[in-house]
Amino acid sequence: MSAGHYFDDDPDAPSAPTMVEVTLPDLSMTLTADRGVFSAEKLDAGTKFLLQEAPSVAGATSVLDLGCGWGPVSCVTAQREPAAHIWAVDVNARARALTEANAAAIGAADRVTVAEPDGVPDDIRFDRILSNPPIRVGKKALHDMLLRWLPRLADGGRAHLVVQKHLGSDSLARWLGEQGFPTERLASRAGYRILEVAMTGDQQ
Ligand SMILES: C[S@@+](CC[C@H](N)C(=O)[O-])C[C@H]1O[C@@H](n2cnc3c(N)ncnc32)[C@H](O)[C@@H]1O
């Protein structure tokens, strides 16, 4: 039997919920994770870097948490920006259930919509996309995912992606530029990069 992956649609690892502390300079919360989802034991260091260093979401009304896992990005964003509606998307059914439960636990169920990728209506556009993308799905699947969602940024919208340098952040940035998405490296620390992708309107 395969060991399974955090990006499986329906993880077969038996459920064993864990409580995870999300501690950031401006807030802290305790959320629930589980086996079969990404970084079930603790907030991933890359995700923490993204939540600390990506520019504020203030003013955003529609945010996509692309590859939500157990929901740290959605829950922190909901807490920080009460005016924003967050779409939390993941292929992993257990991850979606956890994000839904975690959003409810922090009182943000009405502002976080959890969906599988096909469940987001085509007309929704995002001011912001935040993602710790699933590099381990392979280059083709990663590229397909980004080409599916980046064009759904509103004009002037931005995506912030955290990627490890040794997992190809620099080549991903180059590839995004070649696809017509101007991409800058915003921050870099301890082997992680935050890439900013800008929607200029020419890409739609
Ligand atoms: C690196 S994990 C990040 C999870 C969470 N955001 C965090 O920071 O803890 C990437 C997530 O992307 C999800 N994923 C993989 N392929 C996807 C796809 N095509 N569309 C949406 N999500 C996907 C995986 O299931 C996984 O939960």
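Is Ala190 buried or exposed, with 9 C-beta neighbours inside 10 Å? Please bear in mind that this is a predicted model. Ala190 counts as exposed, because a residue falls in that class with 12 or fewer such neighbours. Ala190 sits in the loop that joins β8 (183–189) and β9 (192–198). Although Ala190 is not a glycine, its phi is positive, at about 50 degrees.

Ser39 also deserves attention. It is not a glycine, yet its phi is positive, about 50 degrees. Ser39 belongs to the loop between β2 and α1 (45–53). Here the count is 17 C-beta neighbours inside 10 Å, so Ser39 is classed as partly exposed.

I turn now to helix α3. This helix has 13 residues, 93–105, and at 1.5 Å a residue it should span 18 Å; the C-alpha atoms at its ends are 18 Å apart, so the two values agree. Which residues of α3 are buried? They are Arg94, Ala95, Arg96, Leu98, Thr99, Asn102 and Ala103. The partners against which the buried residues of α3 pack are β2 (28–33), α2 (72–80), β4 (85–89) and β5 (112–115). Just beyond α3, Gly107 adopts a positive phi of about 80 degrees.

Finally, the ligand. There are 21 residues around it, and those that come nearest are Phe38, Thr47, Gly67, Gly69 and Pro134. Sorted by class, this shell comprises 13 nonpolar, 6 polar and 2 charged residues.

Conventions
Residues numbered from 1 in each chain as written. Predicted model: local features only at pLDDT ≥ 70, side-chain atom pairs only at ≥ 80, totals over all residues. Near = placed C-beta within 6 Å. Nonpolar A, V, L, I, M, F, W, Y, C, P; charged D, E, K, R; others polar. Helix = DSSP H or I, 4+ residues; strand = E, 2+ residues; numbered from the N terminus. Expected span 1.5 Å × (residues − 1). Buried ≥ 20, exposed ≤ 12 C-beta atoms within 10 Å, placed from the backbone. Contact = placed C-beta atoms within 7 Å.
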